[in-house]
Amino acid sequence: MPEEHAPGDRAIDPEGIVWTRVSPRHTTLVLVSGLAATLFWTAAVGWPAVLVATGTWSAPLPLLALPPATVLLIGAVSLALAPRRVRAIGYAERGEDLLVRRGLLYQRVTVIPYGRMQYVDVSVSPLQRALGLATVKLHTAAVGSHAEIPGVEHAEAARLRERLTARGEALLAGL
């Protein structure tokens with residue numbers, strides 16, 4: 001769904017751009033992934049504290065509880081910011097290029113000329129498939145010059161793939 005940019009974004013957004021935001025269901029994917037990562041890393045750094053708490057090992061418990069508590073705190077902050085990070089992702093199609101926007105604290109707008117695109121890749125993970133979402137990846141010849149748009153609904157991902165490929169071929173044929 002197209003949406004005008006917020007006034008605070010004027011420093012990096014080109015004037016007059018209407019952004020198409022990714023699906024709000026992408027928030028669910030980010031939250032589930034973030035929760036799984038937080039639980040994994042809490043267990044990975046917290047097992048010594050569990051050994052001390054159960055009496056299997058002798059060490060100062062408050063010192064060993066600090067790493068898992070830190071991981072939980074960082075995970076909680078990341079999960080709290082997830083909805084806003086998802087709302088910051090967007091893309092806009094212009095006549096000769098595609099703009100991809102992302103970032104909450106460090107905002108970034110990537111401009112990819114259609115004539116420079118080598119191929120467009122659509123990928124779907126099992127969780128994305130369950131939510132009806134996909135990731136559109138745009139690849140160019142330049143190293144490090146690629147972009148991806150996560151959280152795109154299946155029909156929109158297919159439309160983008162076809163449209164971007166056709167625009168790229170048309171501009172490349174004109175050279």
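Colleague: How far apart are the mean positions of the positive and negative charges of the protein chain?

Modeller: One first decides what counts: Lys and Arg are positive, Asp and Glu negative, while His and the chain ends are not counted. Each charge is placed at NZ of Lys, CZ of Arg, CG of Asp or CD of Glu. In this protein chain, the mean positions of the 17 positive and 14 negative charges are 5 Å apart. Please note that this is a predicted model, in which local features need pLDDT of at least 70 and side-chain atom pairs count only at pLDDT 80 or more, whereas totals for chains, interfaces and linings use all residues. Residues are numbered from 1 along each chain as its sequence is written, and side-chain values use heavy atoms, with hydrogens and water left out.

Colleague: How many helices and strands are there in the protein chain?

Modeller: Helices (H or I, at least four residues) and strands (E, at least two) are DSSP runs, numbered from the N terminus. The protein chain has 4 helices and 8 strands, and their order from the N terminus is β-β-α-α-β-β-β-β-α-β-β-α.

Colleague: What radius of gyration does the protein chain have, and what would a compact globule of 175 residues have?

Modeller: The radius of gyration is taken over C-alpha atoms, and the globule rule is 2.2 Å times the number of residues to the power 0.38. A compact globule of 175 residues would have a value near 16 Å, but this protein chain has 21 Å. Along the principal axes, its C-alpha atoms fill a box of roughly 75 × 35 × 30 Å.

Colleague: Which strands pair with strand 7?

Modeller: Two strands pair if DSSP finds at least two bridges between them. Strand 7 (residues 133-140) pairs with strand 6 (residues 117-123) in the antiparallel sense over 6 bridges, and serine 123 stands opposite threonine 135. Strand 7 also pairs with strand 8 (residues 146-153), again antiparallel over 6 bridges; here lysine 137 has glutamate 148 as its bridge partner.

Colleague: How many residues of strand 7 are buried?

Modeller: Buried means under 20% relative accessible area, exposed over 50%, and partly exposed in between (1.4 Å probe, protein chains only). In strand 7, 7 of the 8 residues are buried. For the protein chain, 33% of the 175 residues count as buried.

Colleague: Is alanine 147 buried or exposed, and which residues does it touch?

Modeller: Alanine 147 lies in strand 8 and is buried, because its relative accessible area is 7%. Contact means heavy atoms within 4.5 Å. Not counting residues up to four places away in sequence, alanine 147 touches Val100, Thr110, Ile112, Val136, Lys137 and Leu138. Two of these residues also face each other in a pair of strands: valine 100 has threonine 110 in strand 5 as its bridge partner. Strand 4 (residues 97-102) and strand 5 (residues 108-113) run antiparallel and are joined by 6 bridges. In their hairpin, with 5 residues between the strands, glycine 103 takes a positive phi near 110°.

Colleague: Where does serine 23 lie, and why is it called buried?

Modeller: Serine 23 lies in the loop between strand 2 (18-21) and helix 1 (26-53). Serine 23 is called buried because its relative accessible area is 6%. Leaving aside neighbours within four places in sequence, serine 23 is in contact with Val86, Leu133, Gly151 and Glu153.

Colleague: Why is threonine 70 called partly exposed?

Modeller: Threonine 70, in helix 2 (residues 61-87), is partly exposed because its relative accessible area is 36%.
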